[in-house]
Amino acid sequence: MEDEVMELNDLEEMMRKLTIKERRASTLYNLELKIDTVNKDLYEVMLRAENMLEFLAAANSDQLSAATRIIFRKGVASFPQGSSAIDQFIERCLSHPSDTVKEFGLRGAYTLWDASLPVATNNIHLILKNCLPMATGVSATVIQMLAKLLPPLFTDPQVQAGLQAALECSDTIRCRVYDIVCQILQQHPEHFPTAEPILQRALADLDTNDVLLQTNVLEILAPLVATLDGFAYIEKVDLFNKLKTILNSVARTPFIRFILPDALRFYGNAASLQPAIFFARYPEAIDFIFEQGYTEDDTFSLIAYESIAVVAAKDEGKIYLHNNLKDKMDKLLGAIKKLIHSSRDQCGPRFIDSLTNIIAAENADSTVNNQISVIARDFYEAAAGRSDLQMVMELFVIPFSEVKMASLKLLSAIIEYRWGQLYLKDTPCFIEGLLNRSLDSDAQVTRYKYEVIKKLATSTVFDRFDIIALQQYVSDGAFYKKATVEVDFEGGQ
């Protein structure tokens, strides 16, 4: 009993010292050293101490990080099923007038959530009420958590009132609400009726003359069109045509640079879900995407390629583009080699990735049907202008890791098809270049190249000499270094 009193007194003394600026750092250090010896009862005493909130309100970022380790990691370890004492402490933090203390409470709720422990319903309401409107840098955490925690409570009037209250804050806070709601709707389309007032507010923001706000809202709404229910809703509110009107209104102004990238992605996501239906109903949308691919602006061209790649990534999209828009695809792909080499460094690998997504089979692990194989070959030949992998080899030897990795991913997609393996066989020096370990300078690239060579080593199209070399490379491993033997001769001879 004597020891328990001393432990309690020691803890209370530490709590007092935490409020003294000059003693704070050393006290935290000692507390962290001893926290594992604190039993559950004392831990709860620590959480209830008024000194704790006073300390948190005055602490700096390093001290708050240490406090997070001391309080919440200890709490998760001591109470693996959760604890009302922890919930109450987090509630006190989230209700505190100091934003710093609120943020600390948010950290605690996140720690519980990340450990798959329940977050008290009242604390979810407090995060919505007090953290969502905060101007500090916690928005990503708040959005991530509420998008996952709110679905079971979404129809609760208190939740809807909290979301509506946040809508009356700044444009930035309003966009956070839109982001949370759209993430929820992607996974829980049954909430579309409840979300209607919020979605209508988002659509109203698209009607403003604030291009930056329009751009943010459009970016948030864009993922909705990748789901059947979201696509149906976007059609119901006629957003595809509304977007066209918005683009026409800023077409000849500098503001087009802000909204055009998200507009292209929006149309691309919509077309990827139901290509035949989308292109039949909105043919001008696909024309618009292709037109941007032919511009002299690398940024617009890149996003056009990426948007088409989203469509072509699915077999249904490949078939539609090949059967109905082959001339446009040939023209678009015919320019990609020049764009890869002439665009800025950060764009080149993304152009290659787009070509990879256009060519790659949707289900590479299963047997690729002949129709998709023929379409992929046609798309590749339109881009390369020839029937071998000379273009891929020229990209592979560029001494930049990002380009080399992108070229290997393209090669990996191509050799899923038999024609790709035959084209590789017919490309002089490419296999030798792949097997040359002296070109390996990046561990991630080396590891990925090894996986590509493992695929090639099981091929039946190469001659015996190449197969033996490929299989030996695989046997040696990704990071094999050939041993060199040096011989010392006695007497320096």
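**Charged pairs and helix packing**

Guide: Asp99 forms a salt bridge with Lys102, and the closest N and O atoms are 3.5 Å apart. Please keep in mind throughout that this is a predicted model.

Visitor: How are Asp99 and Lys102 placed relative to each other in the helix?

Guide: Asp99 and Lys102 are both in helix α7, which covers residues 99-114, and because they are 3 residues apart there, about one helical turn separates them.

Visitor: And Lys102, is that buried or exposed?

Guide: Lys102 is buried, since its relative accessible area is 10% and the cut-off for buried is under 20%.

Visitor: What separates Glu13 from Arg16 along the helix?

Guide: About one helical turn, because Glu13 and Arg16 lie 3 residues apart in helix α1, residues 2-18. Glu13 is partly exposed at a relative accessible area of 31%, and Arg16 is partly exposed at 39%.

Visitor: Which helix holds Glu451 and Lys454?

Guide: Glu451 and Lys454 belong to helix α29, residues 443-456, and since they are 3 residues apart in that helix, they too are separated by about one helical turn. Glu451 has a relative accessible area of 40% and is partly exposed, while Lys454, at 36% relative accessibility, also counts as partly exposed.

Visitor: Which residues are linked in a network of salt bridges?

Guide: Asp171, Arg174 and Asp205 are linked in such a network.

Visitor: Switching to packing now. At what angle do α4 and α6 cross?

Guide: The axes of helix α4, residues 50-58, and helix α6, residues 84-94, cross at roughly 45° and come within 11 Å of each other. That angle makes α4 oblique to α6, because angles under 35 degrees count as roughly parallel and those from 65 to 115 as roughly perpendicular. The crossing of the two helices, α4 and α6, is right-handed.

Visitor: Which residues of α4 and α6 meet there?

Guide: On the α4 side they are Glu50, Met52, Leu53 and Leu56, and these meet Phe89, Arg92 and Cys93 in α6. The residues of this contact between α4 and α6 divide into 5 nonpolar and 2 charged, with no polar ones.

Visitor: New topic: what does Arg377 touch?

Guide: Leaving aside residues up to four places away in sequence, Arg377 touches Trp419 and Tyr423. Arg377 is found in helix α24, residues 370-384, and at 29% relative accessibility it counts as partly exposed.

Visitor: Last one, Gln390: buried or exposed?

Guide: Gln390 counts as buried, because its relative accessibility is 19% and the limit for buried is under 20%. Gln390 is placed in helix α25, residues 390-396, and, again not counting residues up to four places away in sequence, Gln390 touches Tyr380 and Thr427.

How values were computed
Residues numbered from 1 in each chain as written. Predicted model: local features only at pLDDT ≥ 70, side-chain atom pairs only at ≥ 80, totals over all residues. Heavy atoms only, no water. Helix = DSSP H or I, 4+ residues; strand = E, 2+ residues; numbered from the N terminus. Buried < 20%, exposed > 50% of the residue type's maximum accessible area, 1.4 Å probe, protein only. Contact = heavy atoms within 4.5 Å. Axes fitted to C-alpha atoms, helices over the stretch in contact; angles between N-to-C directions. Parallel < 35°, antiparallel > 145°, perpendicular 65-115°, else oblique. Left-handed = near helix turned anticlockwise from the far one by under 90°. Nonpolar A, V, L, I, M, F, W, Y, C, P; charged D, E, K, R; others polar. Salt bridge = Lys/Arg side-chain N within 4 Å of Asp/Glu carboxyl O.
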